[in-house]
Amino acid sequence: MSTAPQNIMEPVSPLRWFGDFLKEELAPYPERGAVVARAVLAASIVMILTMLFRMPYGAYAALYAVTISRENPQATIKEVKTIIVAFAASVLYVLTGAMLFLGEPDLRLLWIVATLFLMFFALRVVTSHSAAVRFGYLIVVTIPLWDQHISAEGRVEGTLWAFGSISLASIITALTEVAFAEFSGRDDLLQSIAERLGTVKELLECYADGRPVDSKTEKQITRLAIVGTSRLRRYLKQSSYAPHYAEQMGAVVALTGRLVDIAANLTSLNFDLAGRDREQMGKLATDLTSIRAALLTEHVPSPVETSDNSRRVPLLRELEATVSMIPDVFTRARSVVAYAPQTGGGDPPSRFVVADAFSNPEHLRFALKGCLAASLCYFFYNAKDWPGINTAITTCFLTALSTIGSSHQKQLLRFSGAIIGVVLGIGSQIFILPHLDSIAGFTLLFLAVTIPAVWIATSGPRLSYCGVQILVTFYLINLGEFTVQTSLEPGRDRVIGIFLGLLIMWLVFDQLGGGASAVVEMKRQFVVNLRLLAQFTREPTADDLRLNSERSYVLREKINSNFDAVRASADGVLFEFGPSRQQDLAWRGRFRQWQPSLRLLFVTEIALWKYRARLPGFELPYTVDAGQRALDDELARTLESMADRIEGRPSQVGFSEESLTRLERAVNTWEGSDPHPATADQFQAFLSLHKRIASLASALQKETGNAV
C-alpha cells in the first residue's frame, strides 16, 4: 500500500492539460458551497440596495461584497477594517491632491504620475498587500472622475460616494458573515479538527476493510500534513474560550496535527496487514468517530483503551498512542504540555513596510515600470478624449506582478474573464432585460451570473481571477446605470481598455527587460525550499520546548508557502515565450518532477521532528539519538549541496549511506538489550522513516546532479 510519484516529464497534450486544470480548480472542496452562498447573498443585498437607492459605484460595491476574505468571521471583520482604513486614506489623499493641484493642469499631471508611482511602489513594499491594493484601487477608480468637466462639488461628491458605497458593501459582508456564524453555530476550530480526524478515519477504514486507499483520501492527508495547524492555531487565538479550555484545545490541535503527520507517512510505506492489525485499524477508526462526535458536541471524549500486543504495521503503535492522548487531555490532571507543547502565540512585531523597502533596487524598478505603463495609458485615453477605456489603468495596476509569466497569466485571466463578462452583460441587455420589469426579475438574472462566477472566483489562484473579472465586467455593464443599457459602447470600451493595458504592460515589462522570468523565480523558490528544509532538518536547536515548537511551526509554514509558490511559477512558465522557451519548459518539468519527492521528504521530517524534540513518549536512547542527529546533519548538508548545484555553485558533498548504517547499528544494539515488543515496533517504524529519507535524498541528489 504505497504510492510512487508519477512521471511528470511525460508529455501531456495542451487540451488534456487544460481539461485536468479545470477539473482540479472547479472541483468542490469542504465549505466551498457555503462560501459561495454567503458571497452571493452579500452581493445580492448590496445590489438591491444599490438599485433601490440609486447609489453610484454600485458595481464596485457588489464586487467587493464577493471578493472580501471569508476565512472566518473574525478574519472578515479584520479585512473590512483594513479596507475602510485604506479607502479613507485614499480619499484623503485624492482630496488633498485635488485641492493643491486641480487648478494647475501641469502640476496635476505631475501629481497623477507621482501617484501612479506611489501606488506601484506600495504594492511591493507595504506589508499588508490588501491595504496597498485597496489604497491604489480607489485612486484608480476616481482618477477618471476628476478628469471630467463637471463641478468641483460633483467630483468631491463622487469620490465620497465611491468610499461610502464600497465601505457599506464591506460592512454588509462582515455582518452577513457574523449572522451566518451565529445562525449555523459553527465553530471553525472544531470543524477544522473534525475534518482532519474524519480524513484519518477514512484512511484507517480503507486499511481495515482491506481495500486500496483512494487517491482523494491520500491527497487530502498529504495536503493537511503539509499545511499543518497554523490556521487552527489562528482560530484558537481568535476564540473566546475560557483559558483552561483554550489550553486543552491547544493540545488537541497539536495532537491532531501529529495524528495527520503519522497518517501521511503511513500512506507511503509498504506493509502487509494481518487480521489482528486490521481489527486494530477498525477500532482506531471507531475511536476517532467517537472522539470527533464528542468534540463537535462540546463533550469530553471517552477514554480510549490501548493494547500492548505487538504490531507489524509501522507507525500503528504511534497512531494508537496519539489517538489515546486526545481524551487524556480532558480527563487527566497531567499538564497538557506533556502531550503537546503550547506555542507562545505571539506574532512577530508588525511593520508597515518590508525591511528592504528603501534599499532593494528591485522595488524601485518595479514601481518605475508600473508607473510608466499606467502613465502611457492615461496619456493615451486623455489625448483621444476616450474616458471609456480608462480600464487600461486598472489593468496595469491589477496585473503588475513580480514575474513575467505570472503577469501574463493574470493578464490572460483578466482578458478572458472580461470577454465572458461582456458576452453575458451585452447578451442580457439584448435578450433578457427588455423582458424584465421588476427588481425581482433582475435579481434572478443577477444570481444566474453571480453564482457560477463566484464558484470560479473561489478556485485556486490559477483561475480565481477569471471569475472575479467576469463579475467586474458584468456588473459595470448592468449596475453602472439605473436603467436598461441599450448601447454596446460600455462593453466595447471596457474590452478595448483592457486590451490597451495588456499591450502596454507587455511593452514595458517584457520588452524593456528587467523582469524576472517565471522559470528563474521557480528556481529561486525551489532553492529556498531546499535550504529551509535543511534548516528544519537540524531543528530543534534550543532547549526550550515552547520555543522549539514555535520555530518549527514558522518553518513549516514557510516551506509550505514556497511549495505553493513553485507550483504557481510553474504555471507562469507556460505563458512565457522566446528563444529559451524549450529550455525553460525542460527546467519546469524537472522542478515539477522533484517537487513530489521533496514534499514526501518534508512530510517524513515532520513525523521525525518529535523524536528530535524528545516529546513525551518519543524519547530516544543516547546512542540512537546521536545516530539520528548524525543522519539529519548529513541530510541537511546534502540538501544545501543540491541548492548550491542548482544555483551553479561548485559542490562535492554527497549523501553517504554510512550515517544510515550507523543509525541501524545503534537501533539494533538497543533492541537487543530491550526485548519488549512495543520498543521493537517503535524502533522499526522510526528506522523505516529514516530509510525512506535516505532513499529520497539519494534519488534527488542524483537527479539534480544529472540535470545540472
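In this predicted model, the largest nonpolar core takes in 102 residues, and Ile193 and Phe686 are the ones with the most contacts inside it. Going back to Ile193, its contacts, leaving aside residues up to four places away in sequence, are Leu232, Met249, Val252, Val253, Thr256 and Leu295.

Next comes a helix pair. Helix α3 (residues 58–67) packs on helix α18 (residues 464–478) at an angle of about 155 degrees, and the two axes sit 9 Å apart. Angles over 145 degrees count as roughly antiparallel, so that is how α3 runs relative to α18. The crossing of α3 past α18 is right-handed. On the α3 side, the residues in contact are Ala59, Tyr60, Ala62, Leu63, Val66 and Thr67; on the α18 side, they are Val468, Leu471, Val472, Tyr475 and Leu476. Sorted by class, this contact comes out as 10 nonpolar residues and 1 polar one, with no charged residues.

Then there is Ser165, which lies in helix α7 (residues 152–184). Is Ser165 buried or exposed? Its relative accessibility is 1%, and buried means under 20%, so Ser165 counts as buried. Not counting residues up to four places away in sequence, Ser165 touches Met55, Pro56, Tyr57 and Ala61.

Key: Residues numbered from 1 in each chain as written. Predicted model: local features only at pLDDT ≥ 70, side-chain atom pairs only at ≥ 80, totals over all residues. Heavy atoms only, no water. Axes fitted to C-alpha atoms, helices over the stretch in contact; angles between N-to-C directions. Helix = DSSP H or I, 4+ residues; strand = E, 2+ residues; numbered from the N terminus. Parallel < 35°, antiparallel > 145°, perpendicular 65-115°, else oblique. Left-handed = near helix turned anticlockwise from the far one by under 90°. Contact = heavy atoms within 4.5 Å. Nonpolar A, V, L, I, M, F, W, Y, C, P; charged D, E, K, R; others polar. Core = buried A, V, L, I, M, F, W, Y, C linked by side-chain atoms within 4.5 Å. Buried < 20%, exposed > 50% of the residue type's maximum accessible area, 1.4 Å probe, protein only.
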